[in-house]
Amino acid sequence: MKKKTWFVTGASKGLGLSLVKTLLAEDYPVAATSRALGELQTAVGATSANFLPLSVNLTDEKSVATAIDETIKRFGSIDVVVNNAGYGLAGALEELSDAEARANFDINVFGSLNVIRQVLPHLRKQMSGHIFNIASIGGFTGGFPGFGIYCATKFAVHGFSESLAEEVKAFGIRVTVVSPGYFRTNFLDAASLNVPSHPIEDYKSVREVQSVHQNNYNGNQPGDPDKASAALIQVAEGKDALLHLFLGPDAYALAEQKMRAVQNDMDAIRETATATNI
């Protein structure tokens, strides 16, 4: 049986790189994208016929469309799409400029939407496919000072993924929104985590959280990205249409804490809040 063809964005580092390496080791055909083609090729270190490295600007729909067409020309189809490209942004809401906030949305949200918009005609035609949208546990619970904009981008990924799942169900297409906790990737490196151009001195708690992430968590995250990659492959090959995939015991703990907190708030004012109809 022919193995599924994967299309993975943001594949030169982090979870995307781990996933591409794992897939190639298991003989899956893989198209992998990055802004820097040379960096991607060096990072993956593979030259097999199953590997198609692509230079893509996710904010440019023509660039995305070309990459998808090249993948289908090479492998005949696209079966699994992984919207992994994105970057972190630390800073209080007041500190971050409009341009800094919008730039984070452009990649983390609109980049994924560009891929979805361009790949869906192909998936609808073949009446099958699976789209993984990589969010974050910070897209399910936002109680992280200094990460409000980043969390907002990932909350958006959760929202459009849930709607997308209902929209494409009739075409045999599955959607999974992935919420990882802390994994040992370069997400917290200076090259991947943007900070405010004009920090405000008063936000001491934000600086403390930022410092802990950059200096204490970075490189010491408990999660193994190779095990996360294996989980994605298992879900893609499984029969169940899994919409929500939390990865890591920390992600599970934070998600359960959020659900309990919401339930407690609802219960606290249920009588008044549900007596609002005419």
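I took rings of Phe, Tyr and Trp (its six-membered ring) as a pair if their centres lie within 6.5 Å, with planes under 30 degrees apart called stacked, over 60 edge-to-face and the rest tilted. I'm working on a predicted model, where local features need pLDDT of at least 70, side-chain atom pairs count only at pLDDT 80 or more, and totals for chains, interfaces and linings use all residues. Residues are numbered from 1 along each chain as its sequence is written, and side-chain values use heavy atoms, with hydrogens and water left out.

I looked for a cluster and found that Trp6, Tyr28 and Phe132 make up one aromatic cluster.

I then checked the pairs: the structure has four aromatic pairs. Phenylalanine 140 and phenylalanine 246 are edge-to-face, because their ring centres are 5.2 Å apart and their planes at 80°.

Next I looked at phenylalanine 246 and tyrosine 252: their ring centres are 6.3 Å apart and their planes at 75°, so I noted this pair as edge-to-face too.

I looked up accessibility (buried is under 20% relative accessible area, exposed over 50%, partly exposed in between, with a 1.4 Å probe and protein chains only). Phenylalanine 246 is buried at 16%, and tyrosine 252 is partly exposed at 46%.

Last, I looked for charges over rings (NZ of Lys or CZ of Arg within 6 Å of the ring centre and within 35 degrees of the ring normal). I found the charged end of lysine 3 over the ring of tyrosine 28, 4.5 Å from its centre.
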